[in-house]
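Here is a short briefing for a first look. Keep the sequence and the 3D view open as you read.

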Amino acid sequence: MSQTKPYRVSHLDALEAESIFVMREVMAEFERPVLLFSGGKDSIVMLRLAEKAFAPARVPFPVMHVDTGHNFPEVLEYRDSRVAELGLNLVIASVQEAIDSGTVRELPDGTRNRIQTPVLLAAVEKYRFDALFGGARRDEEKARAKERMFSFRDEFGQWDPKNQRPELWSLYNGRHHPGESIRVFPLSNWTELDVWHYIAKEQIPLPSIYYAHEREVVERAGMFYAVNEFIVPKAGETVETRTVRYRTVGDASQTAAVLSEADTVDKVIDEVAATRITERGATRGDDKVSEAAMEDRKREGYF
Amino acid sequence: MSQAVVEPEAPPARQMDLLRFATAGSVDDGKSTLIGRLLFDTKSLFSDQLEAVEAVSAARGDEYTNLALLTDGLRAEREQGITIDVAYRYFATPRRKFIIADTPGHIQYTRNMVTGASTADLALILVDARKGLVEQSRRHAFLTSLLRVPHLVLCVNKMDLVGWDKAVYDKIADEFTSFAAKLDITDLTIIPVSALEGDNIATRSEKSPWYEGPSLLHHLEHVHIASDRNLVDVRFPVQYVIRPQSTTVTDYRGYAGQVASGVLKPGDEVLVLPSGLTSKIAAIDTADGPVDEAFPPMSVTVRLTDEIDISRGDMICRPHNAPAVAQDVEAMICWMDETAPLRVGTKYTIKHTTRTARAVVRGLQYRLDVNTLHRDEGAPELGLNEIGRVRLRTTIPLLADEYRRNRTTGGFILIDESTNRTVGAGMIIEAS
């Protein structure tokens with residue numbers, strides 16, 4: 001821990017201490033926790049916190065990737081190397097497999113964010129996970145701003161915003177009946193900037209797409225989408241090479257890049273500190289559907 | 001919004017500290033406007049958020065951009081124009097990161113105010129200068145003292161609507177100060193503001209030359225919180241025992257937890273409760289290596305020189321400074337459940353530090369009227385949002401301090417054993 005004066009605790013140290021406390025509470029009180037790990041920066045930070053919470057022991061729970069099949073190859077590569085490095089058990093809940101076996105149906109627009117939910121819930125049921133760590137932050141979106149650190153979900157994985165358990169002091173109520181579960185958000189109180197400061201402080205490597213690089217993109221509704229197997233330029237769209245980076249990593253058919261020259265962590269921090277648009281607003285086509293898009297998805301069992 | 005924007009002096013510092021504050025007041029007091037103003041003036045409001053709020057405001061026919069829409073995140077809240085739940089907001093200046101627990105002010109929401117206040121370093125209460133103190137302001141001040149939030153700020157808002165009349169401000173300030181004197185409030189700051197016009201929010205306003213105190217933001221940035229922590233009484237509730245099953249690390253046994261209070265150092269003699277065994281601290285580990293001392297709110301792993309049986313729920317403290325080991329507990333309880341009241345004779349699950357037990361309600365001494373502070377000794381039960389003094393008996397001893405001395409080892413929650421809902425929040429007065 002870094003200190004400038006005796007008994008001083010920086011905001012990052014305080015956030016880290018809180019997140020570690022939450023992870024240890026879960027490990028002590030639940031039977032089968034799992035950590036949602038997508039290879040995105042928030043889940044990478046969360047995994048680092050898990051590593052620190054239980055050191056010198058290994059991370060004592062498996063990680064799960066709800067794989068939409070719409071991936072950035074750099075992110076999958078990162079996921080696999082990190083899992084190997086920490087000796088973790090990786091569970092993959094595959095949306096493609098669920099589509100192939102007919103348990104979920106592809107949406108007409110081909111996006112897979114929404115159909116992740118039944119795949120996630122099936123995996124929770126199959127492995128009987130009772131606590132699921134997610135990397136969501138309250139600064140991301142206003143429905144999330146009202147969600148608890150320990151978010152109770154019924155047997156259908158649904159969030160009921162009007163029926164949340166009060167959360168006082170650092171006393172978390174994780175009690176649940178069989179089939180019910182708790183979503184746990186250790187990064188609730190972190191902001192995008194906090195995450196980046198922590199990545200810098202801990203020198204955490206990230207998938208390269210988080211840093212500025214040249215890429216072929218098309219512009220749609222003011223957002224820049226990489227041209228790849230999921231995003232095919234439509235008639236009238238011009239493919240151009242731009243210097244971009246990703247602020248978030250989600251379904252590759254839905255996640256846009258931002259124009260950026262920030263190719264180091266310090267430059268990214270300067271950029272994030274100066275930006276005037278939220279990260280989801282800048283990069284996620286799926287959140288623009290309605291005012292309550294996130295709330296609706298959470299009610300269905302989404303993270 | 002017009003007022004000057006605070007420019008970050010430098011790239012955000014990595015050595016900021018953290019201040020958590022709870023806001024209370026209703027929409028009419030301008031609470032959401034005030035929060036919107038703080039976010040806006042510290043450049044924490046994003047243009048897409050503002051655009052979304054402007055679009056919804058325009059569609060609803062609001063006369064001005066309704067910043068309440070920024071915090072009202074749920075569909076029902078936007079449809080009904082009410083705030084249901086605690087919303088957490090974040091902003092930072094080069095000196096501090098701030099976490100706002102924005103709690104709705106209406107009477108039904110004592111529960112939410114108590115929740116937000118439980119972790120707050122500071123409480124911010126708003127009154128409308130035209131209306132003066134109302135029942136709700138007194139209730140919020142009382143809850144702030146009940147939860148022992150160390151710092152209280154009263155913002156006398158809408159000063160623009162009373163022509164920045166010093167007499168109006170003085171009357172409210174005097175009245176509030178004399179009310180606060182009856183409560184356990186240690187630090188009170190009163191600031192005249194206009195949230196709508198941004199006066200005395202980020203910078204001192206020229207419209208109140210008679211006011212010599214700080215702007216709200218300056219106060220939030222500089223209020224001294226480092227001494228609020230209890231660094232005297234060593235309390236380390238054991239969360240989890242770390243025993244690596246590995247060939248490279250053998251014979252490691254560490255007690256993981258977050259320091260609740262006091263300062264722990266290697267070599268210190270310690271007492272472990274409830275066993276009463278003593279040992280010495282061999283090392284204090286973190287993933288970044290051992291540390292020379294641990295203090296709140298650090299999460300660390302403590303190793304002892306002796307092999308003694310310690311598990312989750314035990315407490316490491318000092319031989320001559322230990323909490324009570326108690327099964328009989330007197331506490332103030334705020335009831336939080338709408339489905340069933342607290343009744344004498346009922347059993348609940350109690351969570352206190354890292355310890356979980358069962359508790360039976362042995363007696364209800366009185367119910368407190370949070371507006372008049374009148375004690376009703378004949379009350380048969382506590383309903384939703386009611387507060388009263390209760391006697392509990394627990395199945396196993398709690399390792400407890402008075403809440404006034406230690407918010408972490410003095411607070412507990414009650415859980416309904418059939419529904420698993422969190423139904424009560426308790427603050428220990430006496431444990432024996």
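In chain A, Glu219(A) stands opposite Phe224(A) of strand β8(A). The model is predicted.

**A hairpin in chain A**
- Strand β7 of chain A covers residues 213-220, and strand β8 of chain A covers residues 223-226.
- The two strands run antiparallel and are joined by 4 bridges.
- β7(A) and β8(A) form a hairpin, with 2 residues between them.
- Ala221(A) lies in the turn and has a positive phi of about 50°.

**Thr68 of chain A**
- Thr68(A) sits in the loop between β2 (63-67) and α3 (73-86) of chain A.
- Thr68(A) counts as buried because it has 23 C-beta neighbours inside 10 Å, and the cut-off is 20 or more.
- Leaving aside neighbours within four places in sequence, Thr68(A) is in contact with Val95(A), Arg112(A), Gln116(A) and Asp251(A).
- Asn113(A) is 45 residues from Thr68(A) in sequence, yet their C-alpha atoms are 7.4 Å apart in space.

**Domains of chain B**
- Chain B is divided into domain 1 (17-228), domain 2 (236-317) and domain 3 (324-431).
- The centres of domain 1 and domain 3 of chain B, taken over C-alpha atoms, are separated by 29 Å.
- In chain B, 12 residues of domain 1 are in contact with 13 residues of domain 3.
- On the domain 1 side of this contact, α5 (110-118) and α6 (135-146) of chain B each supply at least two residues.
- α6(B) gives the most to that side, with 5 residues.
- The residues of that side divide into 4 nonpolar, 3 polar and 5 charged.

Notes. Residues are numbered from 1 along each chain as its sequence is written. Chains are lettered from A and ligands numbered from 1 in the order in which they are written. This is a predicted model: local features need pLDDT of at least 70, side-chain atom pairs count only at pLDDT 80 or more; totals for chains, interfaces and linings use all residues. Two strands pair if DSSP finds at least two bridges between them. Domain bounds come from an automatic or database domain assignment. Two residues are in contact if their C-beta atoms, placed from the backbone, lie within 7 Å. Ala, Val, Leu, Ile, Met, Phe, Trp, Tyr, Cys and Pro count as nonpolar, Asp, Glu, Lys and Arg as charged, and the others, Gly among them, as polar. A residue is buried if 20 or more other C-beta atoms lie within 10 Å of its own, exposed if 12 or fewer, and partly exposed in between; C-beta atoms are placed from the backbone.
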